[in-house]
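Have the sequence and the coordinates open as you go.

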Amino acid sequence: MRVCNRQWLIAGLAALVLGFAAPVTAADTSSAQEQAARQQVQPGNNAPVWRDVRGGDNPYQTTQVRGVETEVLVQTEGETWRQLRNHVITVYGGWLLVLMAALVGTYYYFKGPIRLHEKPTGRSLLRFSYWERTVHWGVAISFVLLAVTGVIIMFGKHILLPIIGYTLFSLIAQLSKLIHNFVGPVFAVCTVLMFATYVKDNIPKAHDLKWLANAGGLFSGKHVPSGRFNAGEKTWFWIGVTGLGVVVSVTGFVLNFPNFAQGRELMQLSNVLHGISALLFVTMSMGHIYLGSVGVDGAYDAMRTGYVDEIWAKEHHEYWYRESVAADPAKGGGGAANPAAASPMKEGWK
Amino acid sequence: MARMKFLCDAERCIECNGCVTACKNEHEVPWGVNRRRVVTLNDGLPGEKSISVACMHCSDAPCMAVCPVDCFYKTSEGVVLHDKDLCIGCGYCFYACPFGAPQFPQDGAFGLRGKMDKCTFCAGGPETDHSATEFRKYGRNRLAEGKLPACAEMCSTKALLGGDADIIADIYRTRVLKRGKGADVWGWGTAYGKPERAPTPPAGAKS
């Protein structure tokens, strides 16, 4: 009768708030009352009960077995989740990854890496501090581990399993699940640190619109000036790292800690959101990883050593270059440069 | 060959939980794992009904469809079984199952659930019939002994029927005709409403 009392309490509160008791009360307790009424006129007719069962969330269901949702006879959302996961996320998500990989590959094949137009000066600028690099690689390494293991769990059944067989694939999937579940929280913490570290230079500015309008000169080869981070990087920061990062982290925690007695519906919803946002995240990351490695000469060294050549700064992030030079008059060709001594990454330039 | 199904007659079930006890005893399932449970609807109200529920061994089993390591298989009798050696404990079968059948020995942090366990229709698993390993992992293999599931055999009111679908449907039809009510075959639409999937060999044997 506990549940029954709660129903009346809810109905009473609703009546107080809304001021019309009858419709609310009727809606809240209809199923059980309907069955009771049906019992009087048609003793053999249990239709109201079965309607509740199929609905899956009858508050009057009880069971002796302890556990989460053990009193639910049928949960219909599982089928929806199955259709979404098996036929929407797996199929479209999988082709999205293939398409992005193909686009990046095609771009590299036809355009090749973006090289410097002028000769490097040999004078270097500090682009990323030790802390900034640590945070970046913390996120990057955990992200790649999560992406690879996530892809194995999602698509391995269709791609790896037919090739390597059940026993080996199960072992790999088991390992993937463990890595995914333990690295996940590390990624979430690193993402928070990354946001705090990089947010100040990712505030959108007016000149970002011009950069976006020209697609950063990615296809035209035209020079478009930008601040410390260009509009592409800012988009990646806000939509990727921040937006998708928060969604995958929050939904990941829901799935990773089933010991908080959350129900299946919440977990199905989390799984769907986790899958969609993770696939978009991986798709975007391919662009970022490409441009940060083979796509732009000097970009990888910037994040590895922290330093870039002044010409690199001028050609890729002109406004940032000018600010840096203005802050330190010794830079920007003002001082008597000693290229060999000033550049810790001299070997990086061909 | 016979197509095995469960049928619970809500007009007869008295919520004695004998089936639950029979199952636990027969298979010596660990604490916290409940392969079968009894749910009471409209408890304490006129028209109260109870139903015993476990894995229904669906025609188009959602657990089979979503398993990322494809550890499920279906016997020629329509019984849905799984290979615990392949199971990674991800919980996807538990999200997909309409009946809440998949059980996990743990619900630990970081998704450490252990190997999934569920009703086997007393048909054991992919291990050798009647072996100690089979019993430890999946419980007793009564079907291989020519017996029906322990829960249905133990049912004091014969509310729970388990066996060849044609036979149990016949029994139920006769009952409905005699008593003139209670024709709702609970769960059959959900479990057997879709086209039957072809039987598959155990996953281990496929590779």
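B:Gly91 counts as buried because it has 20 C-beta neighbours inside 10 Å; the label buried takes 20 or more other C-beta atoms within 10 Å of a residue's own, exposed takes 12 or fewer, and partly exposed is in between, with C-beta atoms placed from the backbone. This is a predicted model, in which local features need pLDDT of at least 70 and side-chain atom pairs count only at pLDDT 80 or more, while totals for chains, interfaces and linings use all residues. Residues are numbered from 1 along each chain as its sequence is written, and chains are lettered from A and ligands numbered from 1 in the order in which they are written.

**Around B:Gly91**

- B:Gly91 sits in the loop that runs between strand E5 (80-82) and helix H3 (92-96) of chain B; helices (H or I, at least four residues) and strands (E, at least two) are DSSP runs, numbered from the N terminus.
- Leaving aside residues up to four places away in sequence, B:Gly91 touches A:Pro258, B:Phe104 and B:Arg113; a contact has the two C-beta atoms, placed from the backbone, within 7 Å.

**Where the chains meet**

- The contact takes 57 residues from chain A and 50 residues from chain B.
- On the side of chain A that touches chain B, H7(A) gives the most, with 9 residues.
- By class, that side of chain A has 23 nonpolar, 24 polar and 10 charged residues; Ala, Val, Leu, Ile, Met, Phe, Trp, Tyr, Cys and Pro count as nonpolar, Asp, Glu, Lys and Arg as charged, and the others, Gly among them, as polar.

- An open, antiparallel sheet is formed by 3 strands in the order E1(A)-E2(B)-E3(B); strands pair if DSSP finds at least two bridges between them.
- E1 of chain A and E3 of chain B stand at the edges with a single partner strand each, so one side of each is left without a neighbour in the sheet.
- E1(A) and E2(B) run antiparallel and are joined by 2 bridges, and A:Thr63 has B:Val39 as its bridge partner in E2(B).

**Helix H1 of chain B**

- Within helix H1 (residues 18-27) of chain B, the buried residues include B:Cys19, B:Val20 and B:Cys23.
- Seen down the axis of H1(B), the buried residues fall within an arc of 135°, so they line one face of the helix; the arc is that of the directions from the helix axis to the C-beta atoms.
- These buried residues of H1(B) pack against elements of chain B that include strand E2 (37-41) and helix H5 (150-154).
- Just after H1(B), B:Glu28 takes a positive phi of about 50°.
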